[in-house]
Amino acid sequence: MVATHSDEDRTAVTQTASALHAFNRYEIKYLADERDIPQLRAALLAHMTLDANAATGGYPVTSLYYDTRNLRFYWEKIEGLKFRRKLRLRLYGDPGEVTDHTEVFVEIKQRVNRVTQKRRIRLPYHQAHELCAGKLEETFPFRQQAFVNEVSELVTKLDLQPTVTTGYNREAYVGIESDLGLRATIDHRVHGRDRDFHLGAEAENRFIIPPHLCIIEIKANERIPYWIADLTARLNMSVVRISKYCQSVEAYDLAPRSRFQSLDEMSEFMQDRHKTRQEVHP
């Protein structure tokens, strides 16, 4: 049975859930075929509700990633270091409407063993850009200033440069009741570019995974609920080690491909999985 809640209740639940999952969590990723999304969506809504910020149809997410000239953060991910991090500037909303005063997030996302941690600050776009260029001279309240100093030091010491963007349309769901710390996202039409780094630039993007595939992320504070494990098994969804940032780097030949030699090869892999599921569950 699909869970139903008033708009007021849903907002309270999703805001609480957001506070719970925002900074420390376990993440599991899957690739899925768009043909399977209606079934997946229905199953998620039987246990979860839409994120308070997610209107029907999802919302755009655009990120600009920074890295060293020799792609240190990329290689840390590929090599699977137990401690790794990356710096990005992230926009939630239509990039075509970005102005200097549009609010965006500057984020440091890091991995410590199996736990993902995210720290961030919300800034107007022009200040966020200055911060990531090591040129921001503003002062902030103590807690914010500590993070600003960390970003500035990271940018300056490592000579970080804008490297690639990623973009996609995201559906977001949050857990309710016993699954309050749970979050699931479905990212569609994942694309990126390696130049024209202003988020609002009318620049050409390239699909970094085939457009008929999407990336599913399941995020939890402690454990993945049994019904998620059962659902992914029924849909024959296998855990994948995939990074949108790395996919964008590889799509533009900034580094060798780490798994799939081409998007066609990724499509073939997923088609084989879909065929196998149909044979097992006709």
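Ala, Val, Leu, Ile, Met, Phe, Trp, Tyr, Cys and Pro count here as nonpolar, Asp, Glu, Lys and Arg as charged, and the others, Gly among them, as polar. The model on screen is predicted.

**Stop 1: the second largest pocket.** Select Glu-27, Lys-29, Lys-77, Arg-84 and Arg-111, which lie nearest the centre of this pocket. The whole lining has 18 residues, and the volume is about 400 Å³. By the classes above, the lining divides into nine charged, six nonpolar and three polar residues. To see where they come from, show strand 1 (24-33), helix 3 (72-78), strand 4 (83-92) and strand 5 (103-112); each supplies at least two residues of the lining.

Stop 2: Next select Tyr-74 and Trp-75. Their ring centres are 4.9 Å apart and the planes stand at 85°, over the 60 degrees required, so the pair is edge-to-face. Tyr-74 is buried, at 0% relative accessible area, whereas Trp-75 is partly exposed at 34%. The model has four aromatic pairs by this rule. For a cluster, select Tyr-59, Tyr-92 and Phe-105, which are linked by ring pairs.

**Stop 3: helix 2.** Move to residues 37-45 and pick out Ile-37, Leu-40, Ala-43 and Leu-44, which are buried. Now look down the helix axis: these buried residues fall within an arc of 125°, so they line one face of helix 2. What do the buried residues of helix 2 pack against? Show strand 1, strand 2 (48-50), strand 7 (161-175), strand 8 (183-193), strand 10 (213-220) and helix 6 (226-234) to see their partners.

Conventions. Residues are numbered from 1 along each chain as its sequence is written. This is a predicted model: local features need pLDDT of at least 70, side-chain atom pairs count only at pLDDT 80 or more; totals for chains, interfaces and linings use all residues. Side-chain values use heavy atoms; hydrogens and water are left out. On a 1 Å grid over the protein atoms alone, a cavity is a set of points where a 1.4 Å probe fits but cannot get out, and a pocket is an open set with protein on both sides within 12 Å along at least five of seven lines; lining residues have an atom within 4 Å of a point. Grid points are joined across faces, edges and corners, and a volume is the space filled by probe spheres set on the points. Helices (H or I, at least four residues) and strands (E, at least two) are DSSP runs, numbered from the N terminus. Buried means under 20% relative accessible area, exposed over 50%, partly exposed in between (1.4 Å probe, protein chains only). The arc is that of the directions from the helix axis to the C-beta atoms. Contact means heavy atoms within 4.5 Å. Rings of Phe, Tyr and Trp (its six-membered ring) pair if their centres lie within 6.5 Å; planes under 30 degrees apart count as stacked, over 60 as edge-to-face and the rest as tilted.
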